[in-house]
Amino acid sequence: MVRIAALSDIHGNLPALAAVHKAVDAARPDYVAICGDLVFNGPDPAGTLALVQELQRAGAFVTLGNTDMAVADADFTAAFPWFTEGPPDSYRIAAEWARDQIGDDGVDYLRRLPSERRLRVGDDLVLFCHASPGSLTDGLGAELDPVVTIERVSGTDAKVIVCGHTHMPEVREIGWRTIVNAGSAGYVFDGDPTATWALIEIGDEGIKAEIHRTNYDVMAASDAVSARGLPGDVYRAATIRTGKLVR
């Protein structure tokens, strides 16, 4: 039996990541994966990145997210293609602020991150990515037409696809594949203001995956965003506080 803990979309929320780190340590997985969107939006990008790097040094698989690309390289069109006329100024300012906070070393680290990682467990291939195989921005949300979902997962032979991006945790089977969306360990959108992560077990009896929710000091994180005072922070703080996307 191989056990994998997966988390994603921390978004600079260090209290949430620290709580998930403690819960993951208690679960004693064989592997840990962190599927991108590490520093953008939240109050402590530098502290968050330091803990991510610590986890990577301990063996965690870490991949790039679309907002990491925005922070590192200011390529806002690639990071946010749904804004046909470019992202709001609040996105640009938050990305620039996070870039200043993590410094040149942090930017270099983000630039070196791969968009995907793979792990073979026996005969089963596990893919770690941010949104979907081959894409940092085309997510695998439950609301998608099944045909679109099948198209988006068809670019890999992986039996297990581990992702985030939608901030909506779920485990779903599509044919012979299992999609594990770890949700968000810092900026969840499903109405439950906790930090989510997934625990995957792969063994002789097949594949089992469960979503876990970890409590943390939501108000402290929300207040820290409010105190920062960037454009849009009132909405970011409300999102953290309520667990629902506010904008």
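This is a predicted model: local features need pLDDT of at least 70, side-chain atom pairs count only at pLDDT 80 or more; totals for chains, interfaces and linings use all residues.
Across the whole structure, a search turns up ten aromatic pairs. Select F40 and F80 for one of them. Their ring centres are 5.9 Å apart and their planes meet at 45°. An angle under 30 degrees would count as stacked and one over 60 as edge-to-face, so this pair is tilted.

Now colour by secondary structure and trace the chain on either side of the pair. F40 sits in the loop between β2 (31–34) and α2 (45–57). F80 sits in the loop between α4 (76–79) and α5 (89–112). The two are 40 residues apart, and their pairing links distant parts of the chain.

Are F40 and F80 buried or exposed? Both are buried.

Next, go to W97 and look at the face of its ring. R228 lies over it, 4.4 Å from the ring centre.

The protein has eight helices and ten strands. Its radius of gyration is 17 Å, close to the 18 Å from the globule rule for 247 residues, so the protein is as compact as a globular protein of that length. Along the principal axes, the C-alpha atoms fill a box of roughly 50 × 40 × 35 Å.

Finish with the packing. Of the 247 residues, 55% count as buried. Among contacts with a separation of 6 or more, 65% come from residues 24 or more positions apart. The accessible surface comes to about 10,700 Å², and carbon and sulfur atoms hold 47% of that.

Conventions
Residues are numbered from 1 along each chain as its sequence is written. Side-chain values use heavy atoms; hydrogens and water are left out. Rings of Phe, Tyr and Trp (its six-membered ring) pair if their centres lie within 6.5 Å; planes under 30 degrees apart count as stacked, over 60 as edge-to-face and the rest as tilted. Helices (H or I, at least four residues) and strands (E, at least two) are DSSP runs, numbered from the N terminus. Buried means under 20% relative accessible area, exposed over 50%, partly exposed in between (1.4 Å probe, protein chains only). A charge sits over a ring if NZ of Lys or CZ of Arg is within 6 Å of the ring centre and within 35 degrees of the ring normal. The radius of gyration is taken over C-alpha atoms; the globule rule is 2.2 Å times the number of residues to the power 0.38. Contact means heavy atoms within 4.5 Å. Accessible areas come from the Shrake-Rupley method with a 1.4 Å probe; for residues, only the protein chains shown count as cover.
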